[in-house]
Amino acid sequence: MTAQIIASSAPQAQIQTPQVWDKPTAAAQVGDEICAPFTPVMQVVEREVLADGRVRLLVKPGSATYSEEWIVAPQATVEQQPTQATSETTANQQPIELKGDCTHHQPQPDWEAIAEYESGSIHGKHDASARIPPMCKQASCPYSQGYLDGYSSIKASQPPASVPKAVEWQVVYDPKWDLYQVWVENRCLMEKAISYAEGEKIAQKYIAAEKLRASHRELVMSAFAA
């Protein structure tokens, strides 16, 4: 008796090749790349479908550590539904439209334009916080309009630069020690001078060093704010 061996081939897993999109879209999957206008090439690292049907994409450039969150419009439901179901829905809606008081369709939000605007707004706020000059001066698309609005919102919230107050200083002769004391505002410096001219140099040197420290402190705070 000869036993027959039937070889069954195991199903092979299909490897999905990452796709490249020219704009943010709800069809993008994790691993895909998006080449949106005015932005570096972004890679999708996280994808989530929201309750209202829109899709949240967490993207980041390949050579950077920061990430951005994009909200894109859902794909057209007409393409996902069978043709028969679409025709039945249309047939059922026609009598309702004839009986209703409204004679025109309500305009639907342009989710794609809204997503581009929100992405541009995030980009503009980032550049304004980092004190980077704006990349454009006039809006030519929803992305650039959102960029300018976001940039202006951060720039307007920043307090106006205060006029620096002149630092008061003086050199006072101390007859007890036969030396000159250097005063800056209400502080007497430890360093003494043997002449009035030397006292002036000490005061100017101290004031310049304080301005340098204040400027460095402001740069550090701006970097943390960005």
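Here is a short chat about a predicted model and some of its helices, strands and loops.

Colleague: Hi! What should I know about the model before I look?
Modeller: The model is predicted: local features need pLDDT of at least 70, side-chain atom pairs count only at pLDDT 80 or more, and totals for chains, interfaces and linings use all residues. Residues are numbered from 1 along each chain as its sequence is written, and side-chain values use heavy atoms, leaving out hydrogens and water.

Colleague: Thanks. How many residues does helix 3 have?
Modeller: Helix 3 has 19 residues, 111-129. Helices (H or I, at least four residues) and strands (E, at least two) are DSSP runs, numbered from the N terminus.

Colleague: Which of the residues in helix 3 are buried?
Modeller: Among them are Ala-115, Ser-119, Gly-120, His-123 and Asp-127. Buried means under 20% relative accessible area, exposed over 50%, and partly exposed in between (1.4 Å probe, protein chains only).

Colleague: And what follows helix 3?
Modeller: Arg-131, whose phi is positive, near 60°. Arg-131 lies in the loop between helix 3 and helix 4 (142-157).

Colleague: Is Arg-131 buried or exposed?
Modeller: Exposed, with a relative accessible area of 53%. Glu-185 also has a positive phi near 60°, and Glu-185 is partly exposed, at 40%.

Colleague: Switching topic, what is the strand order in the open sheet?
Modeller: The order is 1-2-3-4-5, with mixed pairing. Strand 1 (20-21) and strand 5 (68-72) are the edges, each pairing on one side only. Two strands pair if DSSP finds at least two bridges between them.

Colleague: How do strands 3 and 4 pair?
Modeller: Strand 3 (42-49) and strand 4 (55-61) are antiparallel, over seven bridges. Val-44 has Val-59 in strand 4 as its bridge partner.

Conventions
Expected span 1.5 Å × (residues − 1).
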